[in-house]
Amino acid sequence: MFQNLLERAMTGIGRRNKMGVIMLMDLDRFKDVNDTLGHHNGDLLLQRIGSRLQSVLRDTESVARLGGDEFAILLPEVPDRQSVVPVVRRVLKVLEEPVVVGGLALQCEGSIGIALFPDHGTTVESVMRAADVAMYMAKENRSGYEFYDARRHEHRHDAGRLALISELRRAMDETELVLYYQPKICLNTGRALGVEALARWHHPERGLLSPDEFIPLAERSNLLRPMTLYLLDSALRQCNAWRSHGIEVSVAVNLSMQNLIDLRLPNDLARLVTSWRLPPGSLELEITESTIMADHRRAMTILSRLNKMGVTLTVDDFGTGYSSLAYLQSLPVSSIKIDKSFVLTMAEDPSNATIVQSTIDLGHNLGLKVVAEGVENVDSYNKLAELGCDYAQGFFLSRPLSPEKATLWLEEFTGVVREEEPSAAEERTLGEWMIEAPLEDTPLDEAPLGEAPA
Ligand code: C2E
Ligand code: CA
């Protein structure tokens, strides 16, 4: 809605010789509040700040929370640049007044980046990016607020993560944005039944970028939807190629919170699945607990429609959110994925092993399949099998692989029937392969992130 309002405010404003303002604000040290006082109090703080911001704005002006601790304010029309300063001061002042949450009086501080349109950008993307750059500078200079200034700010771009936003669209056109695939193994049979698609960006100068470096940027600009559609299309194209090659796997794609409040998603998906002539069950969607909880009524509407279509749904990073068990039961999902923070150390840390065990039991009691991610060694692999976990995924089995390497891997572990005689290597079982080829040595292992692709 905020993007729509901004788009509307930007339309024709230059022709009318007027200007508008976008302010991006980020709370300093908000993470500490969440970590020490809990998410509930973090939420309360955000709500209080939201209403305070509203109280200093006029009816025609809007405030939105973009995500995390980031707010945006839109002043659709101002007479001149100077008139923005009193508004910014008012905003900073209401922020400074202590907010009582969890029995404590908290004093917040924020950094505000200000961009004017059409001066600093003529598209939603470019003006948001300018405000983002200015906010980054305000944070760095501890100045409270900064107006975007191309001369002072642009040369800092290359160092920052911010310039990436404008490059992201190009990345899709130039196919720099790709999916790597990490297999999920059935612990019972040792076979790969599915893969998880993980986004990678082969940036021409920066090398291989991980999703954590660019997905948050896509979420903040209006690129998330085109990016998600692009990635879903690539994943389904790959799934179709594998299936016509005899590799019967499903492909799981991760969704962001914003995807799950977009009511167009089910139709988009139906169109894509049909255009690749795939059964809907060959697509799986991974959605984190906190994503579902953020706007749970709307998420429920979308999830139910996806479920009816036959798409498989998994709760990702299970154990890190704070959804109630009663709520979990009502979700139309078929599996939960135990977060890797519990699985990584389960072999050494008995309390994590207990959490893993309880989660497996809980999942099974609710009629769900349970997946463990972050399986890095044989001990946790064996332990998970012993605990009755259904699927495992992790570096021990395979790192995320490029499509070519994933194809080789899957040919070996899905039992695909090939025209030519299978080689000795292809006849090995997964267990034998794991013993013979420990993680470090396997030729199928992809270069770790950060290294230039071969
Ligand atoms: P996630 O869904 O929790 O994905 C698992 C992450 O753990 C992946 O990182 C994967 O490479 C890593 N991983 C897998 N096995 C192991 C292991 O044994 N040990 C350790 N230490 N790590 C392991 P990656 O690929 O960097 O992805 C990070 C996050 O980015 C994902 O977390 C997912 O939430 C998000 N993401 C990835 N692709 C997409 C996408 O296409 N769209 C959206 N919206 N989010 C995506
Ligand atoms: Ca995932």
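Start by selecting ligand 1 and Gln 182: a polar atom in the Gln 182 side chain sits 3.0 Å from a nitrogen atom of the ligand. Keep in mind that you're looking at a predicted model.

Stay with ligand 1 and bring up its surroundings. There are 23 residues around the ligand, and the closest are Gln 182, Arg 200, Ser 256, Glu 376 and Phe 395. Pick Arg 200 from that group: an N or O atom in its side chain is 2.8 Å from an oxygen atom of ligand 1. A backbone N or O atom of Phe 395 lies 2.8 Å from an oxygen atom of ligand 1.

**Next stop: the calcium ion**

Select ligand 2, which is a calcium ion. Which residues coordinate the calcium ion? Show Glu 196 (OE), Asn 254 (OD1), Glu 286 (OE) and Asp 316 (OD), and you'll have the donors, at 2.2 to 2.4 Å. If you'd like to find them in the sequence view, their spacing reads E-x57-N-x31-E-x29-D. Take Glu 196 and Asn 254 as a pair: Glu 196 belongs to strand β9 (residues 192-203) and Asn 254 to strand β11 (residues 250-254), so this pair, 58 residues apart, ties together distant parts of the chain. Colour these two by accessibility as well. Glu 196 has a relative accessible area of 5%, under the 20% cut-off, so it counts as buried. Asn 254 comes out as partly exposed, at 29%.

Move on to Asp 317, in strand β13 (residues 312-318). Asp 317 isn't a glycine, yet its phi is positive, at about 50 degrees. With a relative accessibility of 22%, Asp 317 is partly exposed.

Asn 17 is another one to check. What is phi for Asn 17? The value is near 60 degrees, again positive in a residue other than glycine. You'll find Asn 17 in the loop between α1 (2-10) and β1 (19-27). Is Asn 17 buried or exposed? At 72% relative accessibility, Asn 17 is exposed.

Then select Phe 117 and Pro 118 and look at the peptide bond that joins them: the bond is cis, with omega near 10 degrees. Pro 118 is in the loop between β6 (110-117) and α4 (124-141).

**On to the sheet**

Switch to cartoon and highlight β1, β2, β3, β6 and β7. These five strands make an open sheet with mixed pairing, and the order across it is β2-β3-β1-β6-β7. Why do β2 (62-67) and β7 (145-147) each have one side without a neighbour in the sheet? They stand at the edges, and each has a single partner strand.

Zoom in on β1 and β3 (residues 70-78). The two strands run antiparallel and are joined by seven bridges. For a landmark, pick Leu 24, which stands opposite Ala 72 in β3.

**Zooming out**

Finish with the whole protein on screen. You have 17 helices and 16 strands in view, and 52% of the 454 residues count as buried. Among contacts between residues at least 6 apart in sequence, 68% join residues at least 24 apart.

Technical notes:
Residues are numbered from 1 along each chain as its sequence is written. Chains are lettered from A and ligands numbered from 1 in the order in which they are written. This is a predicted model: local features need pLDDT of at least 70, side-chain atom pairs count only at pLDDT 80 or more; totals for chains, interfaces and linings use all residues. Side-chain values use heavy atoms; hydrogens and water are left out. Donors are N, O and S atoms within 2.8 Å of the metal (3.2 Å for Na, K and Ca); water is not among the atoms, so sites may look incomplete. Helices (H or I, at least four residues) and strands (E, at least two) are DSSP runs, numbered from the N terminus. Buried means under 20% relative accessible area, exposed over 50%, partly exposed in between (1.4 Å probe, protein chains only). Two strands pair if DSSP finds at least two bridges between them. A residue is near a molecule or strand if one of its heavy atoms lies within 4 Å of it. A polar contact is a pair of N or O atoms within 3.5 Å; within protein, one must be able to donate a hydrogen and the other to accept it, and residues adjacent in sequence count only if both atoms are side-chain atoms. Contact means heavy atoms within 4.5 Å.
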